Amino acid sequence: STVSRAIIYSEYGNPRECVKVFEHKLEAPTGSQAIIRLLAAPINPSDINQIEGVYPSRPELSTKIGTTQPSAVGGNEGVFEVVSVGNGVSSLKVGDWVLPGALNFGTWRTHISVDESQVYKLRSSEGLTPLQAATVSVNPTTAHQMLTEFVNLQKGDWFIQNGATSGVGRAAIQLGRIWGLNSISVIRDRAEPDLAKIKDDLYSLGATHVVTDSELNDKSIKKQIDEWTGGASIQLGFNCVGGKSATNVARQLGHSGQLITYGGMSKQPLTFPTSLFIFKNFISRGYWLSEWSKKNPQGKFAVVEKLLDLYRAGELTDVPVTKNTWRESSSNSEIEETFKTAIDNSKTGKQLIEL
Ligand code: NDP
């Protein structure tokens with residue numbers, strides 16, 4: 001049998017205090033069951049929100065894996081390798097890389113026993129790193145959908161976004177470059193030399209222009225943007241942040257422009273001038289990837305494969321992460337401490353758990 005160590009929680013609250021390691025045995029797989037082993041899984045903001053109990057989609061708390069209290073395993077995204085299969089398994093073989101087939105999978109664990117129907121087998125793992133496969137299905141997929149679902153953008157068209165340093169923002173910049181779209185990326189103010197470093201970083205991904213929130217808040221920005229776009233109307237904006245930053249992004253949209261809100265990192269509500277709605281037919285709406293993937297899992301994995309090809313071709317650059325390593329030989333308390341450190345550090349940058 002295989003020993004699995006899982007990061008579980010049985011009540012909602014501050015993740016550092018709620019999570020703990022739970023060790024349990026997995027029996028050798030029979031029938032259509034397979035045992036898969038973690039390669040890598042990120043900590044995304046929504047994973048944290050699930051543990052805080054403030055995210056609308058959550059795994060149910062149950063005693064399925066043998067906990068005394070009803071619990072859930074954290075994490076929604078990640079890539080696993082098949083390590084053993086039951087004799088009725090037809091779609092998987094040892095060594096295949098698989099992604100969670102559905103939401104609330106519980107990816108923060110060393111091993112999991114699944115039915116083959118619960119996972120999506122990647123066409124191939126060749127030319128991919130665990131980091132790329134572990135982080136493709138949420139952020140780059142969201143950027144892909146937001147760039148294609150709302151406005152029929154043509155080569156040379158513009159979009160504007162805040163939260164441009166986020167995983168979604170970086171993917172949007174790069175897909176824009178690949179598709180011949182121009183982007184204006186808004187980032188938070190910061191002191192030099194960090195500011196120049198971040199700007200260079202986003203320009204190297206293919207950002208057309210990068211501005212800070214305070215530059216976007218200055219009246220002169222309108223004229224500046226008009227010069228950049230040659231007066232072309234900006235029809236699409238993405239909002240990751242909320243508050244004043246979102247208001248300022250909305251002001252730059254042209255007539256009938258759409259602002260798509262996908263995150264609320266500042267925790268500030270959205271406020272827009274009435275005049276935008278009346279005189280510019282401003283459209284403010286939201287996007288939730290989970291909703292789309294639930295309705296259209298095949299469409300989602302088609303986008304995932306397309307994005308993985310872009311990684312293979314070197315067209316998409318890896319999202320910067322801090323790697324936190326679990327080893328098979330790690331004790332349970334080491335597994336837990338490594339994870340809690342990653343949770344703490346997730347406030348200042350994307351964390352990856354790898355095994
Ligand atoms: P990352 O961890 O990669 O990036 C976080 C981003 O938020 C950075 O750009 C960071 O800016 C910014 N940020 C952090 N704190 C604040 C703050 N207090 N005020 C303003 N900006 C802040 O995140 P992801 O790309 O994984 O996710 C970003 C957002 O998108 C999250 O809200 C997430 O839930 C959401 N999301 C939504 C999806 C959907 O379907 N609706 C799908 C995927 C993600 P800085 O670099 O300056 O620190």
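User: Why are α5 and α6 called oblique to each other?

Analyst: Helix α5 (residues 167-179) and helix α6 (residues 194-205) pack at an angle of about 40°. Angles under 35 degrees count as roughly parallel, over 145 as roughly antiparallel, 65 to 115 as roughly perpendicular and the rest as oblique, so α5 and α6 are oblique to each other. Their axes are 8 Å apart; axes are lines fitted to C-alpha atoms, for helices over the stretch in contact, and angles run from 0 to 180 degrees between N-to-C directions. Helices (H or I, at least four residues) and strands (E, at least two) are DSSP runs, numbered from the N terminus.

A word on the source: this is a predicted model, where local features need pLDDT of at least 70, side-chain atom pairs count only at pLDDT 80 or more, and totals for chains, interfaces and linings use all residues. Residues are numbered from 1 along each chain as its sequence is written, and side-chain values use heavy atoms, with hydrogens and water left out.

User: What makes the contact between α5 and α6?

Analyst: Contact means heavy atoms within 4.5 Å. On α5 the residues are Arg170, Ile173, Gln174 and Arg177, and on α6 they are Asp201, Leu202 and Leu205.

User: Why are α4 and α12 called roughly perpendicular to each other?

Analyst: α4 and helix α12 (residues 297-312) pack at about 105°, with axes 10 Å apart. That angle puts α4 and α12 in the roughly perpendicular class, therefore the name. From α4 come Pro140, Thr141, His144 and Gln145, and among the α12 partners are Val303, Leu307 and Tyr311.

User: Which elements give two or more residues to the shell around the ligand?

Analyst: Those are α4 (139-149) and α5.

User: What is the value of omega at the cis peptide bond, and where is proline 193?

Analyst: Omega is about 5° for the cis bond joining glutamate 192 and proline 193. Proline 193 sits in the loop between β10 (182-187) and α6.
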